[in-house]
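Hi everyone, thanks for having me. Please bring up the model on your screens, and we will walk through it together.

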Amino acid sequence: MKIILLVIFLVTLFFQGYSTGSTSCQGRCDEKYNSQNKCHCNSKCSQYDNCCSDFEALCNAPAPGLSCQGRCGEKYNSQNKCHCNTKCGDHNNCCSDYTSLCGSSGGGDGGSDITDAEIKSMSEALYALDSNKPSASELIIDSQARVPNSETSSQNDLSPRPLFKFLDEASLFSKPSYAAFVALLDNYERNTGTTEDFTPQQLAEQDTFLKEAMSNTELGRELYAFLFTKGRYSSEEEFLHDLKMMWFGLYSRYAGKMDSSGFEHIFAGEIKGGKISGFHNWLQFYRLEKQGLIDYYSHSFDGPWTSYPDVLGMQFMWDGYFKQVGSSIIGCSPEFDLAVYSLCYITRPGKQCKLSLGGKPLVIQTYTWDKSSYGNGKKYIGSAFPATP
């Protein structure tokens, strides 16, 4: 009898750890897609923003001989399969985890290591400099129903009122960075598999946004100064060009069409496979909710901040398509959104990036797009979003 009870106990533990309710990839790498899983552990999960938090560490580690673990700054050896020194970017032969482990962009710039403490300090500086964020009187939200993580897929509309109760458009949208950002949001075809085709005016709007967000704000200039001192960029021109490529450069998410970019995926949102993909921006949410195209259902997590910016993990329907958890930084300026995601992607690509905002922690998860590249083998942004605070 004792043996039988022990077997039952062990089986129970097994299924508690590896059932569809598990939020870990332990023992689940390369599993087939199951819509009942809370998060996923296969090669497609990064495209849908639904990987388990330990996917990169457990399932996406480089094969032996293809990692920079313990090799940063090593001398060149022609026998190595890939390399981990500041020249590997020039020769396009860096190991895939060179940037995350060795702290250089892999572009031959000789960038120095950037520590977690420096990233946290930089994020606090950006937080303090976000002078264009809305005040409590300019933005009022009504978050209503909160659901546990186990119910985020239920598609129950538990919030009868809109999420956004009031936004002072006259005050906020007249600011240059807001106006430039909003001008970009209608430039995209949301369905993957449809080639994006920009007019000269739309291409100019990309440059205008980067100029207004990065060059013409103290926040943006602070980010550039930090990355300049760390050796990531040698000029503001190089910095802006790299931002334009990593954010607005096109790649294919479906059927070989040039149908996506980091900006479209994260800020505007996409539809792929009958589901919402990306969509992590509060201003886009506000615009579409105002048009009657978004129905806010509930939220599954709320940040600890009592003033803006805050973080919210939302469940919603976008014109017939459902998002199980769409997390966004709520009530920040467009330049703050762009800056913190860029900071995390440049310093911790494909990793969790630990920030500090007003003394409170926030984790940003980024993903690289590995199927194509720009420049000297640099990777486009695949996704970036706030993880649960």
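Predicted model: local features only at pLDDT ≥ 70, side-chain atom pairs only at ≥ 80, totals over all residues.

Let's begin with the rings. A pair of aromatic rings is described by two things, the distance of the centres and the angle of the planes. Rings of Phe, Tyr and Trp pair if their centres lie within 6.5 Å, and by this rule the count comes to 28 aromatic pairs.

Let me show you one of them. Please find Phe181 and Phe263. Their ring centres are 5.8 Å apart and the planes stand at 65°, and over 60 counts as edge-to-face, so that is what we call this pair. Now, where do the two residues sit? Phe181 is in helix H7, residues 176–184, while Phe263 is in helix H11, residues 262–268, so the pair ties together parts that are 82 residues apart in sequence. Both Phe181 and Phe263 are buried.

Next, have a look at Tyr251 and Trp369. This aromatic pair is stacked, with 4.4 Å from centre to centre and 15° between the planes. Tyr251 belongs to the loop between helix H10 (236–248) and H11, and Trp369 to strand S9 (residues 360–374), so here the parts tied together are 118 residues apart in sequence. Are these two buried or exposed? Tyr251 is buried, and Trp369 is buried as well.

Rings can also join up in a group. Ring pairs link a cluster whose members include Phe164, Phe173, Tyr178, Phe279, Trp282 and Trp318.

Now for the helix contact. The axes of H10 and helix H13, which covers residues 334–347, come within 12 Å and cross at roughly 90°. That makes H10 roughly perpendicular to H13. Which residues of H10 and H13 make the contact? From H10 we have Leu243, Met246 and Trp247, and from H13 we have Leu338, Tyr341, Ser342, Tyr345 and Ile346. Sorted by type, the residues of this contact are 7 nonpolar, 1 polar and no charged.

You will find Ile276 in strand S4, residues 275–277. Its relative accessibility is 4%, and under 20% means buried, so Ile276 counts as buried. Ile276 and Tyr321 are 45 residues apart in sequence, yet their C-alpha atoms are 6.1 Å apart in space. Leaving aside residues up to four places away in sequence, Ile276 touches Glu270, Ile271, Phe316, Trp318, Tyr321, Phe322 and Lys323.

Finally, some backbone details. The peptide bond from Tyr308 to Pro309 is cis, with omega near 0°. Pro309 sits in the loop between strand S5 (294–302) and strand S6 (310–318).

Two other residues have a positive phi without being glycine: Ala255, near 60°, and Phe279, near 70°. Ala255 is in the loop between H10 and H11, and Phe279 is in the loop between S4 and helix H12 (282–290). Are they buried or exposed? Ala255 has 57% relative accessibility and counts as exposed, whereas Phe279, with a relative accessible area of 1%, is buried.

Key
Residues numbered from 1 in each chain as written. Heavy atoms only, no water. Phe/Tyr/Trp six-rings, centres within 6.5 Å; stacked < 30°, edge-to-face > 60°. Helix = DSSP H or I, 4+ residues; strand = E, 2+ residues; numbered from the N terminus. Buried < 20%, exposed > 50% of the residue type's maximum accessible area, 1.4 Å probe, protein only. Axes fitted to C-alpha atoms, helices over the stretch in contact; angles between N-to-C directions. Parallel < 35°, antiparallel > 145°, perpendicular 65-115°, else oblique. Contact = heavy atoms within 4.5 Å. Nonpolar A, V, L, I, M, F, W, Y, C, P; charged D, E, K, R; others polar.
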